[in-house]
Amino acid sequence: MTDINLKEVTLIIGVVATCYWNSLFCGFVFDDVSAILDNKDLHPSTPLKTLFENDFWGTPMSEVTGVVGRAELLSSIFFLAAFLSYTKSKGPDNSIVWTPIALTVFLVAIATLCKEQGITVVGICCVYEVFIAQGYTLPLLCATAGQFLRGKGSIPFSMLQTLIKLIVLMFSTLLLVVIRVQVIQSQLPVFTRFDNPAAVSPTPVRQLTFNYLLPVNAWLLLNPSELCCDWTMGTIPLIESFLDIRNLATFAFFCFLGALGIFSVRYPGDSSKTVLMALCLIALPFIPASNLFFPVGFVVAERVLYVPSMGFCILVAHGWQKISNKSVLKKISWVCLSMVILTHALKTLHRNWDWESEYTLFMSALKVNKNNAKLWNNVGHALENEKNFERALKYFLQATHVQPDDIGAHMNVGRTYKNLNRTREAEESYMMAKSLMPQIIPGKKYAARIAPNHLNVYINLANLIRANESRLEEADQLYRQAISMRPDFKQAYISRGELLLKMNKPLKAKDAYLKALELDRNNADLWYNLAIVYIELKEPNEALKNFNHALELNPKHKLALFNSAILMQESGEVKLRPEARKRLLSYVSEEPRDANGYFNLGMLAMDDKKDVEAEMWMKKAIKLQANFRSALFNLALLYSQTAQELKALPILEELLRYYPDHIKGLILKGDILMNQKKDILGAKKCFEKILEMDPTNVQGKHNLCVVYFEEKDLLKAEKCLVETLALAPHEEYIQRHLSIVRDKMSSSGFIEQPVVPASETSRTEGEDRIPSENVKEIKSESRPTQITKTSDDNSQSKLNSHLAKNTNKEAPHKTKDIKEIEKKRVAALKRLEEIERILNGE
C-alpha cells in the first residue's frame, strides 16, 4: 500500500472544505425531512433497539428497501474499508491470513446494513483476488482450467488457496442475502408506474429503456453539469422503437465498455489491472440499481453513482497519468487537469446553494427537467408550507397537465382548493383523483398494488364532505372503502373514529380506535383519542387510564397533560389534585403562551384555599389573554371572597367592557356597589340591565327588590318580591324577605292589601334589612380537548368538551338571620360539537 503523504491529505481536505463550506448554511430538505426531522427513531425517548428494527426512514424494515443521501456515503466508507481489509489477506508464500478476511465479512455486513449495494464489494474482492493478487489474466486462467479438465495437470496450490478464500466470501455473501430477504419478509416494495415507468412497460420498450439508462448514468459521471434531485416519472421518455436515435448512445456505451473490459482481463501489466479495478468499481456497485434483477423505485438517481464515481475517478486519473508522461502533452495535461478541478469546484459551490431550501432545490430541478410532475408538485409543497396557496395551486395544476393521471397531483390540487375555501373545486379534484384509483370489482379479490399515500384520497374527500351534516353517511362509506382496500390502513380507522363521534356513535368510534391501536400500540395520540371517546361515554376513570397510557408513551403530550389534569380536578378527589397540579405545570412549561393552563392552575389553588397563589396564576392568565372571561370573573370573585371587594371592582369593569352581557359579573358588581360603596344607583343600573337581558333571572330580580328596599320604596319592593317569588316559589329566602318588607310596611303605618295570602309568608321579628344575592361563576372554562392527528400531514380536528364547575353562593350580609345558600359543585361534560380534520395527501 502506498504510504500516506501528509501534504497530499492536507491538500485534499483543503479542496473539499473549500468546495463544501457553503453547504453548512443549507437546511434540511427533500428526503431529509422524513429521514431526519420527522424520524421518530431519532427522538431521545425512542429505545435504541428500534434503530435496528426500523430502516433509515424510521419505518419497519419490510416497508422499503432503499434509503437516500448519506446512507450511500456511509455505505461507501465501509465498502472501501472492507476492500482495503481484504487486500491484507495474502500472507507470505501465498498463505491465507484469516483475520483480515473475518474483518472484511464484518465490514461487508455493516456496509450492507447502510445500503444494499454494499454487498457488491464481495465481487470486487473476488476480482482483486484472481486478477490482481494472483496475477491471472483471462487467457492464462482459461489455459490452466483447460489443462486441469483434460487431466494434464493438477490445480496449483495458489489457485487452491484462492478457491478457499472465494468460497468463504461467496458463502458469507449468500448468508447476508438470505438475512436480507428475511428482513423484507420475501416481499419487494410497492412502486407505482410513476416511480419507474419503464418497469411496467412491455417488451422491448422495457429493455431498450433500461439499457439506455446506462449511458445516461455514464454521461452524468463524465459531465455532471445538469443535475436533478429527482429523476422519476417522465424525466426520461421511454424508448419505444429500435429506430430511436438514442439507441446509438446505448450501442456506443457497450462498445466502449466492452473494449475496456477485454483490455483489462486479456493483457498483463499495471495498466490493465488499474483499468480492471476501475471498471469493477464502476459496474458492480451499480448492478442493484440497474433493474437487472428487480425493478427499483426511480429512473435515475445520482446517489447510486457515489461508489461508481470512485472507479470513474481512477479511470480518469489513470488516463491523465498516461498522457502527462508524454513530454509533448505534459503541460497541456496539467492545464486540462487544473481547468477540470476549477470548473468542478465552482459547479459544486453553485450546486450547494440549490440545496438551501426545498423551494430552491426543486426550482433548480425544474430548470433541468420540466416533464417530471413530481417536481412541479414539490415546488407546490414548498410554497404550501409557506402558506402561499395561490402560487402553490399554479404548480399543482401544472403537475396535472404534465401527468394527467397522477393521483397525487389531483389530491394536491384538491387540498389547496380546500385551504383557499373553494370547497366545490376541492371536491371535484378529489373526485378526479378517486376516479384514477383501481376500481374494486364486486366478487373478485382486490389485488392491485397501490402507493399507500394515494389511499389518502378517500380520507381527504371524506374529511371535506363531512363538514356537511347531511353527508356524514357518505363520508363514512369512503372511510370503509379505504379500509376494505387496505385493512391495515391505520389513518382510515382514526378518521372514521372521529366521524363516528360526530355522528354520536361513541361505541363504534371506540371500536375504530381499538382497531387502530392493534396496528400501532405505541402511538400516544391514539391512546389520547380513545380517552376522548371514554369521556363521551361518561366513563371518566377509563378516560384517565388512557390519558395516562398516552403520557407513558409521550410524557410531553400536551393535550393529554392538560385534559387529564382537568379530569382529575373535576373528579373532586382531593388526592388527585397534586398530580393535576404537576401535569398543569408540565403543560405550561410546554405551552407558556396558553392562558388556559395558568387559569386552571389558579382554579386548583382556589380549591385548595391558596388565595395568593390563585391570584398569581389568574393574573398570568389575564396578562396573556386580556379578555379571558372566566379568569377575569374568578379573580374578581377571589378578591370578593377575601374581603378585597374594592380590588374586585376594576377587574369587573374590565370584564364588563369585553362582555357587557355577563350576568354574574353584573350581579357581583352590583352587590359590591351596594354593600361596600353604598352606590345604590350604580347597583340599580346593574340589576336593571340583567333584567333587560333576562327578565326571568331570579338573582337579578331579587337584588333589584333589595335596591327598592334600600331606597325606602316599600311598595315597589313588595311588588318586586312577589313577582320574584312567582319565578321561584320554592326559594325560602324570598318568602322570608317578603315578610320583612311587609313587617316594615306594617310598622310604618302602610295600609295595603297583601298581594299574596299572609299564610304563605312567614314573619321574622326584628329584621329591617334585606341582603342581595351573589353568584359564583362557572369556574373551569377549560381549553377544548382535541383529537390529534397521527399521519405525515398537517391536519387538526377538535372535540369541544368543556369540563365545567357551577358554584352558586348567596353572599353574606349584615342582617343577623340571613341564611347562606349552600355551595354547589356540579361536574358537567358537554356533548361533542364539532370534529374537523384536514389530511394532506401527497
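Visitor: How do the axes of H33 and H35 cross, and within what distance do they come?

Guide: This is a predicted model. In it, the axes of H33 (residues 698-710) and H35 (residues 732-747) come within 12 Å, crossing at roughly 15°. Angles under 35 degrees count as roughly parallel, so H33 and H35 are roughly parallel to each other.

Visitor: And is that crossing of H33 and H35 left-handed or right-handed?

Guide: Left-handed.

Visitor: Which residues make the contact?

Guide: From H33, Val698, His702 and Phe709. H35 brings Tyr733, Ile734, His737, Ile740, Val741 and Lys744.

Visitor: OK, switching to H5. How many residues does H5 have, and how far does it reach?

Guide: H5 covers residues 98-114, so to speak a run of 17 residues, and reaches 25 Å from first C-alpha to last. That is close to the 24 Å expected at 1.5 Å a residue.

Visitor: Which residues of H5 are buried?

Guide: Pro100, Ile101, Thr104, Leu107, Val108, Ala111, Thr112 and Cys114. They cover an arc of only 145° around the axis, so they sit on the same side of H5.

Visitor: What's exposed on the other side of H5?

Guide: Thr99, Ala102, Phe106 and Leu113 are exposed there.

Visitor: Zooming out, how many helices and strands does the protein have?

Guide: There are 35 helices and four strands. Of the 842 residues, 48% count as buried.

Visitor: What share of the contacts between residues at least 6 apart in sequence join residues at least 24 apart?

Guide: That share is 63%.

Technical notes: Residues are numbered from 1 along each chain as its sequence is written. This is a predicted model: local features need pLDDT of at least 70, side-chain atom pairs count only at pLDDT 80 or more; totals for chains, interfaces and linings use all residues. Side-chain values use heavy atoms; hydrogens and water are left out. Helices (H or I, at least four residues) and strands (E, at least two) are DSSP runs, numbered from the N terminus. The expected span of a helix is 1.5 Å times one less than its number of residues. Buried means under 20% relative accessible area, exposed over 50%, partly exposed in between (1.4 Å probe, protein chains only). The arc is that of the directions from the helix axis to the C-beta atoms. Axes are lines fitted to C-alpha atoms, for helices over the stretch in contact, and angles run from 0 to 180 degrees between N-to-C directions. Angles under 35 degrees count as roughly parallel, over 145 as roughly antiparallel, 65 to 115 as roughly perpendicular and the rest as oblique. A crossing is left-handed if the near helix is turned anticlockwise from the far one by less than a right angle, and right-handed if clockwise. Contact means heavy atoms within 4.5 Å.
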